[in-house]
Amino acid sequence: MKQSSSIKTWFDSGKPWVWLNAGAVSISLVMVVGLLLLIAVRGLSHFWPADIMELTYQEPGQETEILIGEKVDHETVPAQRLQLSGLELPEGQEFARRTLLKVGNRDYYGLDFRWINDPWIADINYPEGIMAIERREWGHFYGYLANVKQQGEVVASGDEAWDEFQARLERSNSLIQQIKGLEKTEIGKINHGLEQLRLDGRRLELNGVEQGSLPYQEIEEQRKLFDERYATLREELNGLYAALNRDQITVRMADGREVEIPMAKVVHAYKPNGMGIGEKFGQYFHHAWEFVSGEPREANTEGGIFPAIFGTVMMVIIMSILVTPFGVIAAVYLKEYAKQGAVVRLIRIAVNNLAGVPSIVYGVFGLGFFVYFIGGSIDEVFFQAKLPAPTFGSPGLMWASLTLAILTVPVVIVATEEGLSRIPRAIREGSLALGATKAETLWRTVLPMAAPAMMTGLILAVARAAGEVAPLMMVGVVKLAPALAVDNIAPYLHLDRQFMHLGFHIYDVGFQSPNVEAARPLVYATAFLLVMIIVILNLAAIGIRNRLRETYKATES
Amino acid sequence: MVEQTADDKTVLPAPDSATAKRRRAWREVKDKLARYGVGFGGISVIFAIVLIFFYLLYVVLPLFQGADLETKTLYQTEMQQSEFVTLNEYNDVALTVNGDGTARFFAAESGETMLDVEFPIQDKTISSTAAGAAVTGIFGYGFEDGSAFVFNQDFKVTYPEGTTRKIIPRVEYPLGDKAVQIDPKGQPLTLLSLQSYDDQTTFAAVTADSRVVIKSITREASFLDPSEFTLEEESTEITLPAFTNITHIKLDIDQRELFLVDDKGYIHYYDIQKKTAPNLIQKVKGVPSGVSITTLEFLTGGISILVGRSDGQIDQWFPVRDKDNNYFLHNVRSFAEQEAPIVAISPEQARKGFLALDRSGQLGVYHTTAQRTLMVEPYLDTADAVMALSPRANGLISLTADGGVKLLDIHNEHPDISWHSLWEKVWYESRAEPEYIWQSSSASSDFEPKFSLTPLTFGTIKAAFYAMLVAVPLAIMGAIFTAYFMSPKMRSIVKPTIEIMEALPTVILGFLAGLWLAPIVEENLPGVFSILFVLPIMIILTAWAWTKLPRQLREKIPDGWEAAILVPIVILVGIVSMSMSATLELWLFDGDMPNFLNEVGIDFDQRNSLVVGLVMGFAVIPTIFSITEDAIFGVPKHLTVGSLALGATPWQTMTRVVLLTASPGIFSAVMIGLGRAVGETMIVLMATGNTPIMDFNIFEGFRALSANIAVEMPEAEVASSHYRVLFLAALVLFMATFVLNTIAEVVRQRLRNKYSSL
C-alpha cells in the first residue's frame, strides 16, 4: 500500500516526465555522437593495412578450398533467412554466424566479397608471405609472390623476389608519372592549340572569308606544325610505354593458380601480416596521403579524391569572393542606410525565409537563369565560333559558385546585420560627433568592429556551401571531370569547366557505382573528410561568435 | 587648457581655407558615393533574391497560356478539287491530293507549284479517297472496279549551300505503281480506309453492295537486292447486318483494329489482328438519338478515336480492359465547346491534341489528356474545306473548295498541362480507370506523358510526416530539459553539439540512410520497434531506481545531469534490442519479419519511409531543438519563480506556465522544421526507391518533389512541358517553405514582443 502510494506521489511530482525529457536529450546525444563516431571509425579504418587471413573452407558436399582475404564483417542471422536464400543448414539450427571475407582478385573470382559460414571454416592463419596488391584495374589482389620477370625471363624468385619487385615497382611508377605528365601537359597543349585553330577557321567562315585564302593557309600551316610536334611526342611516349611494359610479376592465388600481372598495373604492394605496428602506421599514412592527393581510378571506386577536394575548394573560394561583398553591402544597406519601417521589416523577414528555401529550388533557378539564360546569351555574343557546343551555356564551375552564392547570401546578410546591431550606438555617435561623415564612420569604426561577425557569416556560408549537393547536381558537378579548373593553358582558370565535388562524390560512388560493396570504405573516408571540414568550420564560427559576444559585453558596460 | 588660434602651427588647414573647403567637398562626395553605392548594391542584392521567385514564375506561366492563331498568308488558287492537304515539318511545302487522280506540291506561302503529279491510274473511275495516319503520309484512291491505288508523300531535305535548306518533294508507290484489287467481286469501293506502316499495308473498304472487304499486304524485300520485293496478301470480308449503312470507316496505324460508324450512330469495333478472321468486339451506340456522327478520326498513337458529332460535341473513346481482361470501348471524355456539326478533325502528330473544324467555320483547339479547350475561334467562312496540321503542330493550312488557301502559325506550346492533368485523377489511354500517375518520359514518341504532381506532393508530405513524427517529440522534449532542467555546465556542451548537427551535409545522412541504416533496419526490424517500446519504460525504471539509491551516491551527481546518467541506459537498450532482434524475429515472425509482412499483405521495401523518417527526423531535430530551446529559455524568470513560490512543482511550472508562454515559439520551431523536411532532397533521393506510389505504408518508399527534380531536371529538354512542370514543382516547394517560414517568423516576432512586454 505504502509502496504504491509512494509511486503515485512520485508520478504526481512530475519527476518521471522530467526524466523522460532527459531521455530525449540522451537519445539525441547518442545519435549525434554515434553518427560522428561511426563515420570516423569506418572512414579512418579504410587506410589501415588489415591482416590477411588464409583459411580452409569446407562447404558440405563441396570440395575443400583455401581462401585468402580480409575479414570485413561478421554477423548472426536467423537460420531461416539463409535457408530462404537457398542455403542448406542442419535442421533445428536457429541462428547462423557468418563472416564477410574480401577475397579480391575480381578478374579471376568474379566477386571481391564472399559470405562464408563460420562452422565450415578451419585452420585460420596469417602467413607472413601473403601480400596485397593494389592494382590499377580490377581492385585488390591477394596472393603470394612467386617471381619477378623481365621480358618474360625470371630475374628473381623466392626470398629476393620481394625486394626486386619493390625496386622495379618504383621504376614503373615513375615511368607512369612521366607518361601522365607528357599526356597532360604537352599533348593537352597540342589539343588545345588544334581546337583553337579549328575555332579560328570557324570564325573566318562566319565572317565570310573566302575558302582557301591566306588566313586559311596560315591555319593549315600551324596545324602542320602541331601535327609534327605531336608525332615526335608520340614517338617519345611509345618509348616510355615500351619501357613500362618490360616487367611482370608472377603471383600465386589461394587456390594454387599462378597468374602473371604486368608491373604497369600495380599501384603498390604490401605484406601486412609481417608488418610491425610502426610499419603499419607508416603504411596507414601512406594510404591516407594517397587518398587525399591521388586521382580516382576504376569509376571513382578506388584511388584518391584529389580532384573532388580541389573542385570543392575552388567552388567555395569563388563563392566566397562573390558572396562576401554583396552580403555585406546588403546588410549595411538594410541596417545603416535604409529607412527602418514596414518595408525593411518585410525585406528582413523575406531574407530570413530565403535561408529556409530548399536548396534544390536554387539549383533549378541556377540551371534555368544562369546556365541557360545568361550562359546561353554569353555564348551567342562571345563564343559564336564554338556553337553549337556550349561554353558558358552548359553547367560549370562559374554557375555553381554563383548559385551557391545566392543560396548563402542570406546567411551572410543575417550574420552581418546581427554584428552591426551589436555595435553600441555610442561608438557611432562618438564618431559622428567628431565630425566624421557617415561613410567614414562606417568604414573606419563600424565595419572593422563588425568584421568578426562578417567572418562568422562567411564561415557559416562556406560550411553550408561545402555540404550542399542537390543544387550542384544541376549546375556543374560531374562524376569525373576530365581536367581540373586550373591548369597551364591560358587563361589558366577555366570557369566554364565542370568539376568534381566531395558531396557529389559520396552520392555518386555510394549509389551509382557498379561495385558499391568495394567502394563503401572509400565513401566513408570521403564522408569523414567532408564532416571534418564542416565541423571545423562551424566550430570556428561558434568560437568567433562567442569571442565577439564577450568583446561587446565589455564595450556595452 | 591652451587656447588654440589660427596662428598656431597645426597639421590641419584652416576651416575656411580653400584646401579645407575642397577636402570637405570631397568628403561629402565620398559620403554621397557611399550612400548611393551601398543603396544601389543593397537593393540589387535584394532584387536578385526576389528574382528567384519571379524567374520561376516566368518559366512556369507559359504552361497555362491558351493557344493563339496568326494568319500568315491568304491567297486564291485554281486548286479546287482537293480531297486532302498536308503541310511539311517546316511549314513551307504543302501537298494537295485531288479527287481527279492528281496531286500537287506547292510552296505554302505563295502557292507556287513545285511539282505536279499525275498518278498512273489509267482510265479507272475514282469512287473514294483515303488518307492514312498523318505521320506516314499515305494516301489512296478506291475505284469503281473494286481496286485501289496507294502512294505516299516524301520530302527530301538537302543543304546545297551549307546553311540554306532545300526541300525536294516527291511521291512514292509502296506497292508499286499499279492498282491492287481489293474486292474480288469487283464492286465499286464507296468508302476506303488504309494504313501502311513497316512494310505492311492494309485496306478496308465498303463496297457499293454494303459489304466490308479487308485486304492486308505484307511487303518482303529480297535479301539479295533490297529494291526487289515480294508481296504477300491476306484478305477477308465482313458481312454486315441488314440495313446497316456505313458512313465512316477507319483503320488504326498498327492495322489491328477497325472502326465502322453507321448512320444510326453506332460504332462497330472490330479486332482484325488475324486478317482472315475479323472479330466484332463491340457495337455501341455512340450518340444519343437525334444526333449523328459526322467525323471519325484517330488520336495520334492509334489507341483513342475522336468522334465528331452533329451537335458540335467531340467524344474521345478508347478500349478499356475490364476485370475479365476483355476490352470495351469507353467514352472517356467529351468536349462540348462547339455548336455546329464537326466536319473535320486534325490530330497532332506528336502530342495528344487535335483541332476540330465545324460547319459554321469555327475552329477549336483541344488537348485530350489535359482535358483542355485551348481556343475556339472563327476560322473560315465556309465549311467546305480541307485542312492539315504540320508535324510540329505549329502550322495549319486549309484549302477551300473554291481554291482559297489560308496558312496560319499556331502558338500552342503547352496544351498538355492543366490544373486537371497536374492535380486531379486523369484517365490515361490503356488504363482501367482514372489515376494519379507521374511518368514523364518514355522511349516512343507517341507516348502520353503523365504529369500528375499529386503522387510527388504526396511523397513529400509522407516523408515530412514520418520525419516530424520522429523529430518533434525528441526535439521538443530535449529542448524542454535542456532549457529548464539541465545544469548550465552541461547545457554549454549539449547545445552546440546538437546544433552542429544542423550543418552536417545531408548527402552524408542520405548515404548512411541508404547504405548503412536501411540494411540494418531490414535485418533487425523487430529490434527497431522494440527500442520504441522498451526505451521509455527503461528510462522511467531507471528514474525510479535512482530514487532508491542511497542518498550519498545521489548527491555526488547534482540535479540537471539526468541526461548524462541516461546515456549508458540508452546505449544499453539499443544494443540489447538489436541483439535480441533475431530471437524476437524467430518467436514472432517465423524468423524473417520483412517476409512475414509481405505474407500479411504489407509490402516491404528495403529503402522505405521508416528509414527516411528516422534519418530525416535526425536532420530536422537540431532545427526544432535550437529554436524551441531559445523560446523556453527566454521565458521571463519572474514567471517561473512566481509559480514555484506559489508551491507548484517544477514540472507543473513547466507544463502550466513555461510551455504555455513559449508555445508560439515552439509552434514556429515546428513550422521551420517542417519547411526543412519538405525541401530536403539528398536524404529522400538516397534513402527511398523513388517510385511515385500513393500509399501511406511506412514500409514502402515514395518519390518526393525535390528528389524528382534532382533526378529529372538535368535530362529535361529546355522549355519543354516537362521542363516547365519541373519548374512548377520547384515553385510549389518554394511557396510551401516560404509560407511555412513566414508564419513561423511572424509568430516568433510577436513572441519576442510579448516577452519584452512581460
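In which sense do strand 25 and strand 26 of chain B pair, and over how many bridges? I looked up this pair and found that strand 25 (residues 362-367) runs antiparallel to strand 26, with six bridges between them. I note that two strands pair if DSSP finds at least two bridges between them. Helices (H or I, at least four residues) and strands (E, at least two) are DSSP runs, numbered from the N terminus.

Before going on, I record that this is a predicted model, in which local features need pLDDT of at least 70, side-chain atom pairs count only at pLDDT 80 or more, and totals for chains, interfaces and linings use all residues. Residues are numbered from 1 along each chain as its sequence is written, and chains are lettered from A and ligands numbered from 1 in the order in which they are written.

**Entry 1: the sheet in chain B**

I traced an open, antiparallel sheet of four strands in chain B, in the order 23-24-25-26. Strand 23 (342-347) and strand 26 (372-378) of chain B are at the edges; each has a single partner strand, so one side of each lacks a neighbour in the sheet. On average, neighbouring strands of this sheet are turned by 15° against each other, direction ignored. Here axes are lines fitted to C-alpha atoms, for helices over the stretch in contact, and angles run from 0 to 180 degrees between N-to-C directions. I also looked up Tyr366(B), whose bridge partner in strand 26 of chain B is Thr373(B).

**Entry 2: domains**

Domain bounds come from an automatic or database domain assignment. For chain B, the assignment gives domain 1 (68-439) and domain 2 (454-757). Their centres, taken over C-alpha atoms, are separated by 59 Å. Six residues from domain 1 of chain B and eight residues from domain 2 of chain B take part in the contact; two residues are in contact if their C-beta atoms, placed from the backbone, lie within 7 Å.

I found 10 residues of domain 3 of chain A in contact with seven residues of domain 4 of chain A. Helix 5 of chain A gives the most to the domain 3 side, with eight residues.

**Entry 3: where the chains meet**

I found 80 residues of chain A in contact with 86 residues of chain B. Helix 2 (residues 15-45) of chain A gives the most to the chain A side, with 18 residues. That side divides into 56 nonpolar, 18 polar and six charged residues. Ala, Val, Leu, Ile, Met, Phe, Trp, Tyr, Cys and Pro count as nonpolar, Asp, Glu, Lys and Arg as charged, and the others, Gly among them, as polar.

A nonpolar core is a set of buried Ala, Val, Leu, Ile, Met, Phe, Trp, Tyr and Cys residues joined through C-beta atoms within 7 Å. In the largest one, of 219 residues, Val615(B) and Ala730(B) touch the most other members. Helix 3 (residues 454-485) of chain B supplies the largest share of this core, 19 residues.

The cut-offs are 20 or more for buried, 12 or fewer for exposed, and partly exposed in between, with C-beta atoms placed from the backbone. Val472(B) and Ile621(B) are 149 residues apart in sequence, yet 7.2 Å apart in space, C-alpha to C-alpha.

Technical notes:
Buried ≥ 20, exposed ≤ 12 C-beta atoms within 10 Å, placed from the backbone.
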